[in-house]
Amino acid sequence: MHPFECRRLLPTDLKPLNSLSDYTAQGGGLAYKRALSMSPADVIAQIKKANLRGRGGAGFPTAIKWGGVRNEPCPTKYVACNFSEGEPGTYKDRYNILKNPYHLFEGMAIAIYAIGAKEAYVGIKKKYKPQVHRLFSARKEMEEAGVVPKGSIKIHLGPDEYLFGEEKGLIESIDGRYPMPRNIPPFIQGINFQPNSPNPTCVNNVESFCQAVYILRKGADDFKSVGSEDTPGTVMCTVCGDVKRPGVYEVPAGKVTLKQLLYEIAGGPADKFPFKAVFSGVASGVVTPERFDTPLDFGSLKKAGGGLGSAGFIVYDDSACMVQAALKFSNFLAKSSCGQCVPCNRGTAQITEYLKKIEFGQGSQDDVEAIFEISGRCTNQTRCFLPTQESILIPSIIKTFSAEFKRHLEGNKDSQERDLVLPKLHEYNEDTCSFTYDDPAKFPLD
Ligand SMILES: Cc1cc2nc3c(=O)[nH]c(=O)nc-3n(C[C@H](O)[C@H](O)[C@H](O)COP(=O)(O)O)c2cc1C
Ligand code: SF4
């Protein structure tokens, strides 16, 4: 393990926990026992004291979410775990659960108790077969041993759609429909809501539940003993693209910089070219090497013009064309837009068309200006954050790499330009430190 790493959620030796007894030998189950010895309000107070911020992307304080749903007057409440992991460049939840599926269920059992929920659901993509298998067998073991209440946590197998990870889309899918984000957030209108029973639902990312287990097991002060004031605890980072050692690395949040992650832990550039740009998924602005000294926490990366998001870092070296990257990202967002909101659906598609013209040498300055104009309105009266991602990401790339865009407009694009594959991560090979990607044919540039 590199000295910059700090394994709290991942097994120290990275060996998967293969049975419940492996887990209990390492203190598994203690957190839930401790939670049950406290009042639900005190459990939430511990999470608040720890200042746990959700690891699904937005960094929302977990205690506010748990407390908010707990205080809703509706007696029927639910907990949902978001195991969609559809963000390009992110693999940490799948990696974590292959190593240890048990702490997710323990964290969810704690949340059920703290919130006063009737039951809980894990929403996971059906195509994540090894992780689905791990979850089913771990839940069986834990239920048989009485470590989690029997029948309290259901597993919902969802579609391979980006919006399955949007929390209102996730709840729609659990309710048996296509994951089109509903209008009202799940903490107000949740799973299986009825006119007289809104069933508020608390949705959290896989890692957020696992961090909650650490807090209840060791206490809030221990949790905060690593990490920064902005983002206490560890954060599980995925690094993919043009680095020597792509992989998933758990580090103390805010105490390691992006530069240390890329050069020291992930081994630096994979080839002879220096780094050019880093994207944290497709939800924030681009970060260039002058800003690589930024600490890895929510606040610092935001100040640097990027964002921590779900800590999935897509790394490009100097041989990558940023016009093409903008096109591939925009095309992904446009193809993922569900069409319920016209400004999003049309706007993301139009921006993609303009980027295509520019990338293929038929663009003009008017097209660039049109992209900025549409970015300003594609978010009007929309149901979810997807078009906001487009409106942050694409203008950020154009502004940062204006010279490269100018070259394309002048017809001077590199004729040897390499093809960039949208980094939707499929599998990780630990021996070779390499990811395979989803079939790019799923997002054709038609
Ligand atoms: C288009 C879109 C896709 C998302 N995909 C995921 C995802 O795959 N996993 C996830 O945990 N959160 C995802 N989110 C964020 C969720 O909506 C939600 O904020 C998160 O699950 C809350 O968990 P947390 O508070 O523990 O971070 C996505 C959001 C958007 C707008
Ligand atoms: S904003 Fe876009 S992706 Fe989100 S619900 Fe509306 S159309 Fe669908």
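Me: Why is Asn-192 called partly exposed?
Reply: In this predicted model, Asn-192 has 14 other C-beta atoms within 10 Å. A residue is buried at 20 or more such atoms and exposed at 12 or fewer, so a value in between is called partly exposed. Asn-192 is therefore partly exposed.

Me: Where does Asn-192 lie, and what is its phi?
Reply: Asn-192 belongs to the loop between α8 (167-174) and β4. Its phi is positive, about 55 degrees, although Asn-192 is not a glycine. Most residues other than glycine have a negative phi.

Me: What makes Leu-14 buried or exposed?
Reply: Leu-14 has 12 other C-beta atoms within 10 Å. The cut-off for an exposed residue is 12 or fewer, so Leu-14 is exposed. Leu-14 is found in the segment before α1 (20-25) and has a positive phi of about 65 degrees, although it is not a glycine.

Me: How do you know which residues cover the faces of β1?
Reply: In a regular strand the side chains alternate between the two faces of the sheet. On one side of β1 are Tyr-78, Ala-80 and Asn-82, and on the other are Val-79, Cys-81 and Phe-83. These residues are all buried, and both faces are covered.

Me: What makes β1 and β2 a pair, and in which sense do they run, parallel or antiparallel?
Reply: Two strands pair if DSSP finds at least two bridges between them. β1 and β2 (residues 119-125) have 6 bridges and pair in the parallel sense. Val-79 has Ala-120 of β2 as its bridge partner. A further 5 bridges join β1 to β4 (residues 201-205), also in parallel, with Ala-80 opposite Val-203.

Me: How do you know that β7 and β8 pair?
Reply: The requirement is at least two bridges, and 5 bridges join β7 to β8 (residues 312-317), which run antiparallel. In β8, Asp-317 is the bridge partner of Phe-275. Strand β7 (residues 275-280) has 6 of its 6 residues buried, so β7 is largely enclosed by the rest of the structure.

Me: Which residues have the most contacts inside the largest nonpolar core?
Reply: The core has 129 residues, and those with the most contacts inside it are Ala-80, Met-108, Ile-110, Ala-111, Cys-237 and Leu-261. Helix α6 (residues 102-115) gives the most to this core, with 10 residues. Apart from neighbours within four places in sequence, Leu-261 is in contact with residues including Cys-237, Val-239, Tyr-249 and Leu-296.

Me: From which domains does the shell around ligand 1 draw at least three residues each?
Reply: These are domain 1 (20-224) and domain 3 (322-419). Of the 23 residues around ligand 1, Gly-54, Gly-56, Gly-165, Asn-205 and Ser-208 come nearest. By class, the shell divides into 8 nonpolar, 10 polar and 5 charged residues.

Me: What are the classes of the residues around ligand 2?
Reply: The shell around ligand 2 has 8 nonpolar, 5 polar and 1 charged residues. Among those that come nearest are Cys-338, Cys-341, Cys-344 and Cys-384; Cys counts as nonpolar. Helices α14 (342-359) and α16 (386-400) each supply at least two residues of the shell.

Key:
Residues are numbered from 1 along each chain as its sequence is written. Chains are lettered from A and ligands numbered from 1 in the order in which they are written. This is a predicted model: local features need pLDDT of at least 70, side-chain atom pairs count only at pLDDT 80 or more; totals for chains, interfaces and linings use all residues. A nonpolar core is a set of buried Ala, Val, Leu, Ile, Met, Phe, Trp, Tyr and Cys residues joined through C-beta atoms within 7 Å. Helices (H or I, at least four residues) and strands (E, at least two) are DSSP runs, numbered from the N terminus. Two residues are in contact if their C-beta atoms, placed from the backbone, lie within 7 Å. A residue is near a molecule or strand if its C-beta atom, placed from the backbone, lies within 6 Å of it. Domain bounds come from an automatic or database domain assignment.
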